[in-house]
Amino acid sequence: MTASGLGAPFAAGRDADVYDLGGGRVLRRYRDGDVDTAPEAAVMAHVATHGYPVPTVYATRGPDLVMDRLDGPTMLGAFVAGTLPAEEGARILADLHTRLHALPPPAAAPPGTAVVHRDLHPENVVLTPHGPYVIDWRDALCGPPDLDLAMTALICAEVAVDPARQLAEAARALLVSFLAYAGGHPLGQLDTAAGIRAANPTLTPTEVARVDEAGALVVHSARDLRD
Ligand SMILES: Nc1ncnc2c1ncn2[C@@H]1O[C@H](COP(=O)(O)OP(=O)(O)O)[C@@H](O)[C@H]1O
Ligand SMILES: [Mg+2]
């Protein structure tokens, strides 16, 4: 597939641009042309087989992935628009984790692991008329469910500790409610999660420098809930 004829992307994240193909389908293209989307598509197919809400994937080639276009705002968009209270968003996020980790893992999965998304935050959830759908499966693998909880908590906390972010206060409320709804033991995986976030090449140096502060907020919030 070439960029010609695609027009402008209708959405973009830190890694990919998303183009409307018509007929209810989109093309998601990594800007880094060396990325292979096949592993990501395989995870999406696995969770879809077990009824998890992901867009159906039709084709992959190198950095390109063709899938169903989802109808609705992202959870982040709903927060910005003021149409979704933080507590309701937290309940949805926690439920998406619980459902994902309850799926049968792929045959080759190590014991005690489940499919974990590792980037399940409000920009990667689309609120469709058929319920919330999860996108952006690049970081998914088989791992400990608590790592998934720790990643989501840490990403929320990163926004909460950034004074420049309009949604900092909402992110703090989201974090506290998410920890309450999600349960589990995310603190046991927090150091691993912090290492993963600090090594994420899409974070700016300023964002990387805030990961420790964000981790401290997760610890503090989790202890507040426990006490
Ligand atoms: N299947 C889809 N249907 C509708 N919008 C989508 C779809 N996939 C992605 N998007 C939009 O594109 C944005 C970026 O896609 P995403 O897969 O999260 O890429 P990135 O890895 O760059 O974050 C999403 O936040 C969402 O707004
Ligand atoms: Mg994304």
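Residues count from 1 along each chain as its sequence is written, while chains are lettered from A and ligands numbered from 1 in the order in which they are written. In this predicted model, local features need pLDDT of at least 70, side-chain atom pairs count only at pLDDT 80 or more, and totals for chains, interfaces and linings use all residues; side-chain values use heavy atoms, with hydrogens and water left out.

## Domains

The protein chain is divided into domain 1 (11–68) and domain 2 (75–226), with bounds that come from an automatic or database domain assignment. The centres of the two domains, taken over C-alpha atoms, are separated by 21 Å. Domain 1 gives 15 residues to the contact and domain 2 gives 21 residues, where contact means heavy atoms within 4.5 Å. Between them, domain 1 and domain 2 bury about 1,600 Å², with 63% of it on carbon and sulfur atoms. Buried area here is the accessible area (1.4 Å probe) that two parts lose on being put together, summed over both. On the domain 1 side, Arg14, Tyr52 and Pro53 lose the most area to domain 2, and together they make up 39% of what that side buries.

The UniProt record, an unreviewed entry, lists residues 9–111 and 112–172 for "domain: Aminoglycoside phosphotransferase". UniProt positions are given in the numbering used here, feature names are shortened, and annotations may be inferred rather than shown by experiment. Over residues 9–111 the chain is 34% helix and 24% strand, and 41 Å lie between the end C-alpha atoms. Over residues 112–172 the chain is 34% helix and 23% strand, with 31 Å between the end C-alpha atoms. Helices (H or I, at least four residues) and strands (E, at least two) are DSSP runs, numbered from the N terminus.

## Helix 5

Helix 5 covers residues 168–182, 15 residues in total, and spans 21 Å from its first C-alpha to its last, close to the 21 Å expected at 1.5 Å a residue. The expected span is 1.5 Å times one less than the number of residues. Buried residues of helix 5 include Ala168, Ala171, Leu174, Leu175, Phe178 and Ala182. Buried means under 20% relative accessible area, exposed over 50%, and partly exposed in between (1.4 Å probe, protein chains only). An α-helix has 3.6 residues a turn, so residues three or four places apart point the same way. The buried residues of helix 5 pack against helix 2 (75–81), helix 3 (86–101), helix 4 (145–160) and helix 8 (211–226). Glycine 183 follows helix 5 and has a positive phi, near 65 degrees.

## Single residues

The table gives the relative accessible area of some residues discussed below.

| Residue | Relative accessible area | Class |
|---|---|---|
| Glutamate 40 | 6% | buried |
| Arginine 118 | 16% | buried |
| Aspartate 136 | 18% | buried |
| Leucine 120 | 0% | buried |
| Alanine 11 | 33% | partly exposed |
| Alanine 8 | 65% | exposed |

Glutamate 40 lies in helix 1 (residues 38–49). Its side chain makes a polar contact with the side chain of arginine 28 at 3.0 Å. A polar contact is a pair of N or O atoms within 3.5 Å; within protein, one must be able to donate a hydrogen and the other to accept it, and residues adjacent in sequence count only if both atoms are side-chain atoms. Leaving aside neighbours within four places in sequence, glutamate 40 is in contact with Arg28, Tyr30, Leu65, Asp136, Trp137 and Arg138.

Aspartate 136, one of those partners, sits in the loop between strand 8 (131–134) and strand 9 (141–143). Its phi is positive, near 65 degrees. Arginine 118 also has a positive phi, near 70 degrees, and is found in the loop between strand 6 (114–116) and strand 7 (125–128). Most residues other than glycine have a negative phi.

Leucine 120 lies in the loop between strand 6 and strand 7. Leaving aside neighbours within four places in sequence, leucine 120 is in contact with Tyr52, Leu93, Leu96, His97, Val125, Val134 and Thr152.

Alanine 11 lies in strand 1 (residues 11–12). Leaving aside neighbours within four places in sequence, alanine 11 is in contact with Asp17 and Val18.
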